[in-house]
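Subject: A structure to look through

Dear colleague,

Please find below the structure I promised to pass on, together with its sequence.

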Amino acid sequence: MINIRKYEDKDRDNMRKVCLETSSFDVSNKKTARFITLMYCDYYIEAEPDSCFVAADEEDNAVGYLLCGKNFEEYYKVFMGLYMPEIRKLGLKYVVMAMGEITTHRLFAKKYPAHLHVDLSDVCRHQGVGSRLMKELKKYLSESGIHSLMLSCGFDNKNAIRFYERNNFKKVANIFGSYIMASSF
């Protein structure tokens, strides 16, 4: 049975592992792996741990997660100050990728201030775990006075698109090979 709970410090390594295992990038390249964890995991668990939810297995190990930045402007300040310098050390290619994603989010941040990343290992897919994580996040955001969020999803990621649509996300734009999807609740 998979349990949904808030992030705990003990989850860090497993969450980074899930982040890399579920990435569509070639994470055998150490720079790429570092970029992926900086961009899609570390900020959230370090700067906004209260906005992170974990899918934990029977031994209470993180096997999936949903990470959220509640307020884009706060995310931007912290990310640019603490995480972007680390990405710059990896090279221009990674800076361009990071800025592309950040700029895309900025375009929609006024209407959808929160954004999310969700990753599930194979052991917890197709069991409703992602929807349970989403329900917990939306409850948490609503209690925090936030009633909309967004994400980007590649055009070719049909399973993820169906998942987000089942969880009341709508396509609001097409940008650089990705759909911008948003939900208001």
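Angles under 35 degrees count as roughly parallel, over 145 as roughly antiparallel, 65 to 115 as roughly perpendicular and the rest as oblique. This is a predicted model, in which local features need pLDDT of at least 70 and side-chain atom pairs count only at pLDDT 80 or more, while totals for chains, interfaces and linings use all residues. Residues are numbered from 1 along each chain as its sequence is written, and side-chain values use heavy atoms, with hydrogens and water left out.

Helix α3 (residues 72–90) packs with helix α4 (residues 92–108) at an angle of about 170°, their axes being 10 Å apart (axes are lines fitted to C-alpha atoms, for helices over the stretch in contact, and angles run from 0 to 180 degrees between N-to-C directions; helices are DSSP runs of H or I with at least four residues, strands runs of E with at least two, numbered from the N terminus). The two helices α3 and α4 are therefore roughly antiparallel to each other. Their contact (heavy atoms within 4.5 Å) involves, among others, Phe72 and Tyr76 of α3 and Tyr94 and Ile102 of α4.

Helix α2 (residues 30–47) and α3 have axes that come within 10 Å and cross at roughly 155°, which makes α2 roughly antiparallel to α3. Among the residues in this contact are Phe35 and Leu38 of α2 and Val78 and Tyr83 of α3.

As for the strands, β4 (residues 114–120) and β5 pair in the parallel sense over two bridges (pairing requires that DSSP finds at least two bridges between two strands), and Ala114 stands opposite Leu149 in β5.

Best wishes
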